[in-house]
Every structure is written in structure tokens, then in C-alpha cells.
Amino acid sequence: MIPWEKIDTARIPGTEGELRLMRRGREFSIMLGTNELMNSRLSGSEAALATLAAKKIEKVAKPHFLIGGLGMGFTLRAALAVLGPEAQIMVAELVPAVVAWARGPMAEIFGDSLNDTRVSIQEVDVADVIERHPRTFDAILLDVDNGPEGLTRKANDGLYDVSGLKVAHTALRRGGVLAVWSSGPNAKFPKSLSRAGFAVNEIAVRATGRGRGVRHVIWIAVKE
């Protein structure tokens with residue numbers, strides 16, 4: 001068995017938490033304490049976040065996507081694969097080191113995705129982007145934490161409460177979609193989405209995308 005090797009660490013802004021980038025052979029893992037936030041072998045549900053959102057707005061000629069959280073780029077690469085040449089994809093990543101890892105030790109995983117002319121990478125809090133851009137996006141994809149029950153940063157809770165969801169509602173164009181990834185179910189969250197003005201559909205997706213692995217949850221919320 002090849003042992004895990006620590007490649008780098010990065011402090012999460014506004015917290016005492018520290019991310020660790022680990023490597024074992026060609027496999028990568030991003031850890032927070034004892035919790036694995038993502039693994040390069042488990043991309044199915046993060047990719048589904050993009051494909052499900054894109055399906056909802058497939059009639060939009062020039063879709064404008066906002067992805068909250070770069071991570072290992074699973075959602076970004078899936079979005080690039082299904083969106084046409086006129087799409088614009090903004091990725092907001094709070095931790096600058098995650099962007100550096102994408103261009104450095106994990107460059108093979110990311111391929112040419114960061115250099116695609118449709119993509120812009122912003123090293124900012126996605127909440128700030130959402131607040132500054134009313135009626136701008138056709139889709140907002142949130143994968144910035146463990147889901148509505150935050151793990152990495154307490155301030156992320158503001159994205160998922162009713163007030164934060166109403167801000168996201170305002171940032172979307174008519175018929176736009178808010179797609180939210182979670183590591184597991186949350187009975188209260190669909191109610192919060194409804195209160196914020198969304199029509200909600202909850203979908204369980206396997207972590208591997210091949211009918212195996214744990215089930216993650218994606219909420220597809222459409223602005224009515």
C-alpha cells in the first residue's frame with residue numbers, strides 16, 4: 001500500500017482551520033482535520049451538479065454560470081463539457097492555495113480547464129460575488145462546504161439560510177437555477193429554498209457516478 005504524503009497546507013480565510021493536500025500515487029485528497037472534503041477518485045456527484053443545472057437552462061443561448069468552490073475542478077470540467085462556446089463560467093474560490101494546487105501538483109487532473117476562454121477564476125468569497133451581481137447569472141452552483149450544515153467555515157452558513165438564499169434568488173435571471181451540493185440530506189433546507197422563492201427538486205447522486213459509493217444530495221432550485 002502506497003502511503004499518503006502531505007503536499008501542502010493552507011489556512012481557510014477567517015478561520016483557524018487548515019486544509020491539507022495529500023497525495024498517494026496519482027490519487028489526491030483534500031483534508032480538514034480528520035474529515036476528507038474531496039478525493040480525486042470520487043467525482044460523480046460534483047460533476048452531476050453541473051450537468052443537472054445545465055439541463056435546466058439548456059435553451060439559454062449564452063448561459064452565465066457561477067461556480068462557488070473550485071475544489072478539484074470536477075464541477076468546472078463537467079460544465080465545460082456540456083456548455084457551448086458562448087457560455088461564461090466564473091469560479092469563485094476563497095482559498096488562493098486551492099487555485100495554486102490546481103495549477104501545480106494537481107495540474108494533470110485539471111488539464112486545460114483553467115485556460116479555457118470561457119472560464120474566469122476569482123479568488124474571492126462566492127457570497128460577495130452573488131451579492132454584487134443582481135440578475136446576472138443563469139445558474140449558481142454551490143459546492144463551498146459540506147452542504148447546508150457547514151464544516152469548513154462558519155460564515156458559509158449565511159449562504160444557506162433564507163436570507164442568503166434570497167440574495168442568490170436576486171442574483172439569478174428569470175428561470176435561473178440554484179444548484180446546491182451536500183454530503184447528505186437535510187430536511188429543513190428544501191423548506192428554506194421554498195421560502196426564498198424557489199421551486200425545489202432533491203436528487204440523490206452516488207459519489208462515484210457509477211452506481212456505487214455513498215449517496216450525496218443535490219438540490220435543483222429554479223427561480224420562478
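My strands (E, at least two residues) and helices (H or I, at least four) are DSSP runs, numbered from the N terminus.

I noted the source next: this is a predicted model, residues are numbered from 1 along each chain as its sequence is written, and side-chain values use heavy atoms, without hydrogens or water. Local features need pLDDT of at least 70 and side-chain atom pairs count only at pLDDT 80 or more, while totals for chains, interfaces and linings use all residues.

I followed β1 into strand β2 (residues 18–24) and found antiparallel pairing over 6 bridges. Two strands count as paired if DSSP finds at least two bridges between them. Ala10 has Leu19 of β2 as its bridge partner.

I then looked at strand β3 (residues 27–32), which pairs with β4 in the antiparallel sense over 4 bridges. These two also form a hairpin, with 2 residues between them. Gly33 sits in the turn with a positive phi of about 60°. I checked two positions across the pair: Ser29 stands opposite Asn39, and Ile30 has Met38 as its bridge partner.

Put together, 4 strands form an open, antiparallel sheet in the order β1-β2-β3-β4. Which strands stand at the edges? They are β1 (5–11) and β4; each has a single partner strand, so one side of each is left without a neighbour in the sheet. Neighbouring strands here are turned by 25° against each other on average, direction ignored.

**Entry: the seven-stranded sheet**

I traced a second open sheet of 7 strands, in the order β7-β6-β5-β8-β9-β11-β10, with mixed pairing. Its edge strands are β7 (119–122) and β10 (198–206), each pairing on one side only. The twist averages 15° from one strand to the next. Axes are lines fitted to C-alpha atoms, for helices over the stretch in contact, and angles run from 0 to 180 degrees between N-to-C directions.

Val91 stands opposite Ile121 of β7.

Helix α1 (residues 44–56) packs on this sheet. I list its contacts as β5 (64–68), β8 (137–142), β9 (172–182), β10 and β11 (215–223). Contact means heavy atoms within 4.5 Å. The direction of α1 makes about 20° with that of β11.

**Entry: α1 against α2**

How do the axes of α1 and helix α2 (residues 74–82) cross? They come within 7 Å and cross at roughly 35°. The crossing is right-handed, meaning that the near helix is turned clockwise from the far one by less than a right angle. From α1, the contact uses Glu46, Ala47, Leu49, Ala50, Thr51 and Ala54. From α2, it uses Phe74, Thr75, Ala78, Ala79 and Val82. By class I read 8 nonpolar, 2 polar and 1 charged residues. Ala, Val, Leu, Ile, Met, Phe, Trp, Tyr, Cys and Pro count as nonpolar, Asp, Glu, Lys and Arg as charged, and the others, Gly among them, as polar.

I turned to the cavity, a set of points on a 1 Å grid over the protein atoms alone where a 1.4 Å probe fits but cannot get out. The structure holds 1 cavity of 30 Å³ or more. The largest cavity has a volume of about 490 Å³, a volume being the space filled by probe spheres set on the points, which are joined across faces, edges and corners. It is lined by 33 residues, and Gly69, Glu93, Asp143, Val144 and Asp145 are the closest to its centre. Lining residues have an atom within 4 Å of a point. Helix α2 gives the most to this lining, with 3 residues. The classes are 20 nonpolar, 7 polar and 6 charged.

Last, the largest pocket: about 180 Å³. A pocket is an open set with protein on both sides within 12 Å along at least five of seven lines. Of its 12 lining residues, Glu36, Leu37, Met38, Trp181 and His216 lie nearest the centre. Strand β4 (residues 35–39) gives the most, with 5 residues. I read 5 nonpolar, 5 polar and 2 charged residues in this lining.
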